[in-house]
Amino acid sequence: MCDRPDRGSAERGGNVMDAMDKDRDISAQQARQLWTEESARRRRLPDPVRASAVRAVIIVAVTLVLAMVAVLCAFAGSWFAFPAVLIAVASTVAATWGVLDVWVTRQVWNQRYGVVSRPSSTAREMRRQRRRARKEAVSARRAGERGRARGAAA
């Protein structure tokens, strides 16, 4: 007897198909895709923002590891506990800087490249009023000039 049940039953005359035989029965049209493409819910981050985010994640991860080392050394009463705490505090400052760097980089990028300004309806209405007032002032000035020109010619 064989230790594999599918081989043993096939040798005994059983009708067992292995995985390769099952795949041969499927035509190319019936084959299912392994995955389907879906559009992303959000757009990809700009390169400078993504780079600062990756940097921040790495700094925060290292900070968490250093903090854990400091805590464990303190519990163990090791001589390395004091330097580890100092390093953990310094890396916390660096991690805070890294997170702020992501925020600042994102704001700068949005201000330079990403913001599409669309005035609100209130701002649009105020612009219309200023335009109307300018047109009326120009037409009144022209009407005054015409009146003077007619008076001078008469």
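In this predicted model, W79 counts as exposed, with a relative accessibility of 72%. W79 forms an aromatic pair with F80, and F80 counts as partly exposed at 29%.

**Aromatic pairs**

- A search of the whole structure finds 2 aromatic pairs.
- The pair of W79 and F80 is edge-to-face, with 5.6 Å centre to centre and 75° between the planes.
- W109 and Y113 form a tilted pair, with 5.5 Å centre to centre and an angle of 50° between the planes.
- Both W109 and Y113 belong to helix α4, where they lie 4 residues apart, about one turn of the helix.
- W109 is partly exposed at a relative accessible area of 24%, whereas Y113 counts as exposed at 58%.

**Helix α4**

- Helix α4 comprises residues 81-114, 34 residues in total.
- From its first C-alpha to its last, α4 reaches 47 Å, close to the 50 Å expected at 1.5 Å a residue.
- The buried residues of α4 are A81, A84, A88, S91, A95, G98, D101, V102 and T105.
- These buried residues pack against helix α3, residues 47-76.
- An α-helix has 3.6 residues a turn, so residues three or four places apart point the same way.

- The side chains of D101 and R55 meet in a salt bridge at 3.0 Å, N to O.
- Because D101 lies in helix α4 and R55 in helix α3, this pair ties together parts that are 46 residues apart in sequence.
- D101 is buried, with a relative accessible area of 18%, while R55 counts as partly exposed at 39%.

**Other salt bridges**

- The count for the structure comes to 4 salt bridges.
- D47 and R44 form a salt bridge through their side chains at 3.7 Å, N to O, and R44 is exposed, with a relative accessible area of 64%.
- R128 and E125 are joined by a side-chain salt bridge at 3.4 Å, N to O.
- Helix α5, residues 121-153, holds both R128 and E125, which are 3 residues apart, about one turn of the helix.
- R128 counts as partly exposed at 38% relative accessibility, and E125 likewise counts as partly exposed, at 31%.

Note on methods. Residues numbered from 1 in each chain as written. Predicted model: local features only at pLDDT ≥ 70, side-chain atom pairs only at ≥ 80, totals over all residues. Heavy atoms only, no water. Helix = DSSP H or I, 4+ residues; strand = E, 2+ residues; numbered from the N terminus. Expected span 1.5 Å × (residues − 1). Buried < 20%, exposed > 50% of the residue type's maximum accessible area, 1.4 Å probe, protein only. Contact = heavy atoms within 4.5 Å. Phe/Tyr/Trp six-rings, centres within 6.5 Å; stacked < 30°, edge-to-face > 60°.
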